[in-house]
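Here are a few exercises to work through with the model open in your viewer. Try each one yourself before you read the solution.

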Amino acid sequence: MPNTELLAAAGAQVDNGVLVDERCRTSLPDVFARADVTTTCTRSRSRLRVEHWNNGYQQGRAAARSLVGGRSPTTTIHTFW
Ligand SMILES: Cc1cc2nc3c(=O)[nH]c(=O)nc-3n(C[C@H](O)[C@H](O)[C@H](O)COP(=O)(O)OP(=O)(O)OC[C@H]3O[C@@H](n4cnc5c(N)ncnc54)[C@H](O)[C@@H]3O)c2cc1C
């Protein structure tokens, strides 16, 4: 179960996970999220919450890039094992 209560109470948009874009930005300014607690918009524009290690790793990289001002989105294709 994604533990989103704190972010929801702070006003973040939540839909089965805290909503993030391809740069791991939540709807709150300067708040980023990654991995299992997030729901992301996929390439097909549907929303998906992924519970796989590789997604958390790639989103962590994307969040780190965003934190230092980068604008490149996560472009990796989701894989798991
Ligand atoms: C049994 C099992 C098998 C899995 N097998 C696979 C697999 O084969 N392949 C695969 O890709 N994925 C697998 N997964 C999924 C993978 O483990 C998760 O997708 C990944 O670990 C999620 O990373 P995360 O950082 O979101 O969460 P986590 O790895 O769960 O890390 C969250 C951390 O936050 C800490 N935490 C929680 N609440 C608080 C708090 N209030 N304050 C401070 N710290 C807190 C927790 O203690 C934890 O250390 C498996 C999961 C399980 C449970």
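**Exercise 1: the sheet.** In what sense do strand E2 and E3 pair, and over how many bridges?

Before the solution, some ground rules. This is a predicted model, in which local features need pLDDT of at least 70 and side-chain atom pairs count only at pLDDT 80 or more, while totals for chains, interfaces and linings use all residues. Residues are numbered from 1 along each chain as its sequence is written, and side-chain values use heavy atoms, with hydrogens and water left out.

*Step 1.* Find strand E2 at residues 38-41; it pairs with E3 in the antiparallel sense, over two bridges. Strands (E, at least two residues) and helices (H or I, at least four) are DSSP runs numbered from the N terminus, and two strands pair if DSSP finds at least two bridges between them. Across this pairing, cysteine 41 sits opposite arginine 47 in E3.

*Step 2.* Now go to the other neighbour: E1 and E2 run parallel and are joined by three bridges. Here valine 20 faces threonine 40 in E2.

**Exercise 2: the salt bridges.** Find how many salt bridges the whole structure has, and say which residue pairs with arginine 47.

*Step 1.* Search with the cut-off: a side-chain nitrogen of Lys or Arg within 4 Å of a carboxyl oxygen of Asp or Glu.

*Step 2.* Arginine 47 meets aspartate 15, at 3.3 Å from N to O. That pair ties together distant parts of the chain, 32 residues apart: arginine 47 belongs to strand E3 (residues 47-48), and aspartate 15 to the loop between helix H1 (5-9) and strand E1 (18-20).

*Step 3.* Check the exposure of both partners, where buried means under 20% relative accessible area, exposed over 50%, and partly exposed in between (1.4 Å probe, protein chains only). Arginine 47 comes out partly exposed at 48%, and aspartate 15 is partly exposed at 34%.

*Step 4.* Next, aspartate 21 pairs with arginine 25, with their closest N and O atoms 2.7 Å apart. Aspartate 21 is buried at 19%, whereas arginine 25 is partly exposed at 33%.

*Step 5.* That leaves arginine 49 and glutamate 51, whose side chains meet at 3.6 Å, N to O. Glutamate 51 is partly exposed, at 49%.

**Exercise 3: the ligand.** Which residues surround the ligand?

*Step 1.* The list reads Arg34, Ala35, Asp36, Glu51, His52, Trp53 and Trp81.

*Step 2.* A side-chain N or O of aspartate 36 is 2.7 Å from one, a polar side-chain atom of arginine 34 is 3.2 Å from one, and for histidine 52 a backbone N or O atom lies 3.2 Å from one.

*Step 3.* Finish with area: alone, the ligand exposes 1,000 Å², and the protein buries 28% of that. Such areas come from the Shrake-Rupley method with a 1.4 Å probe; for residues, only the protein chains shown count as cover.

Conventions: Near = heavy atom within 4 Å. Polar contact = N/O pair within 3.5 Å; in protein donor to acceptor, adjacent residues only side chain to side chain.
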